[in-house]
Amino acid sequence: MRAPILMFALALAPLSAQLSAPSRAEIEAMERNFDQKLQRFSMDAPVEVLGLTRGLYLQGYGAAFTAEVNLVQTPGVSPFRPTLSKDDIARVRAAKMRRLPEIKNLMRDMLVNSAGSMDRVPMNERLVLGLFLFYNSWEDAAGMPHRITMQAPRRGLLDVATNRQPRAALESLIQVREE
């Protein structure tokens with residue numbers, strides 16, 4: 001009689017491990033992964049990672065990660081260059097405008113890739129990635145977002161990652177908010 005009960009308990013053991021929340025070590029591994037992807041985004045025109053990625057797990061909702069970046073490295077104001085010309089300011093704005101669609105694509109890829117790594121986040125919960133965008137006081141940031149947040153159910157992201165859904169499904173799957 002004890003043998004069937006023991007076998008039943010052993011069969012449920014992997015289920016209970018799957019249902020537990022991601023560990024702090026798993027969240028930290030994803031933080032490092034996101035930081036590396038942001039830092040390696042472009043060797044020619046790197047993104048400046050100003051605030052390393054921070055993540056947390058919210059029971060019943062999912063895992064959320066945020067970071068602060070400057071989309072392009074910008075010239076600085078110094079005693080040798082106390083002001084920037086209007087052309088310099090316009091060039092920085094144009095470079096950041098070109099970079100916005102690229103960073104959004106990177107964020108989508110990061111979400112899709114994280115769906116397979118965050119296996120202890122339940123399928124019905126969400127993965128969230130938010131980027132705070134930095135602007136210098138001299139920049140023309142009018143009409144540009146200061147935050148981009150993307151979120152989607154883990155199940156849908158995993159379906160795209162495993163080719164059960166086409167990549168085009170991301171357009172309806174991922175909710176994007178720009179502020």
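Predicted model: local features only at pLDDT ≥ 70, side-chain atom pairs only at ≥ 80, totals over all residues.
**Figure 1. Helix α4 and the elements its buried residues pack against.** Helix α4 spans residues 154-161 and is mostly covered, with six of its eight residues buried. After α4 comes Asn 163, which has a positive phi, near 65°.

**Figure 2. A salt bridge between Asp 159 and Arg 164.** The side chain of Asp 159 meets that of Arg 164 in a salt bridge, at 3.5 Å from N to O. Arg 164, with a relative accessible area of 54%, is exposed.

**Figure 3. Met 107 and its contacts in the chain.** Met 107 has its place in helix α3, which covers residues 86-117. Its relative accessibility is 0%, so Met 107 counts as buried. Which residues does Met 107 touch, leaving aside its neighbours within four places in sequence? They are Leu 129, Leu 131, Ile 148 and Met 150. Leu 131 sits 24 residues from Met 107 along the chain, and their C-alpha atoms are 8.7 Å apart.

**Figure 4. Lys 104 of α3 meets Glu 178 of β5.** Lys 104 and Glu 178 form a salt bridge in which the closest N and O atoms are 2.4 Å apart. Lys 104 lies in helix α3 and Glu 178 in strand β5 (residues 175-178), so this pair ties together parts that are 74 residues apart in sequence. Lys 104 is buried, at a relative accessible area of 18%, whereas Glu 178 is partly exposed, at 39%.

**Figure 5. Arg 24 and Glu 28 along helix α2.** Side chains of opposite charge can pair when their charged atoms come close. Here the side chains of Arg 24 and Glu 28 meet in a salt bridge, with 3.5 Å from N to O. Because these residues are four positions apart in helix α2, about one helical turn separates them. Both are partly exposed: Arg 24 has a relative accessibility of 42% and Glu 28 one of 31%. In the whole model, the count of salt bridges comes to 13.

**Figure 6. The aromatic pair of Phe 34 and Phe 65.** The structure holds one aromatic pair. How are the rings of Phe 34 and Phe 65 arranged? Their centres are 5.1 Å apart and their planes stand at 85°, so the pair is edge-to-face. Phe 34 belongs to helix α2 (residues 24-39) and Phe 65 to strand β2 (residues 62-70), so the pair ties together parts 31 residues apart in sequence. Phe 34 and Phe 65 are both buried.

**Figure 7. A nonpolar patch on the surface.** Now for a look at the outside. Leu 56, Leu 58 and Tyr 61 form a nonpolar surface patch, with about 260 Å² of accessible area together. Leu 56 is found in strand β1 (residues 48-58) and is partly exposed, with a relative accessible area of 44%.

Note on methods: Residues numbered from 1 in each chain as written. Heavy atoms only, no water. Helix = DSSP H or I, 4+ residues; strand = E, 2+ residues; numbered from the N terminus. Buried < 20%, exposed > 50% of the residue type's maximum accessible area, 1.4 Å probe, protein only. Contact = heavy atoms within 4.5 Å. Phe/Tyr/Trp six-rings, centres within 6.5 Å; stacked < 30°, edge-to-face > 60°. Patch = residues over 30% accessible without salt bridge, like charges linked within 9 Å, V, L, I, M, F, W, Y side chains within 5 Å. Areas by Shrake-Rupley, 256 points an atom, 1.4 Å probe, with all protein chains shown as cover. Salt bridge = Lys/Arg side-chain N within 4 Å of Asp/Glu carboxyl O.
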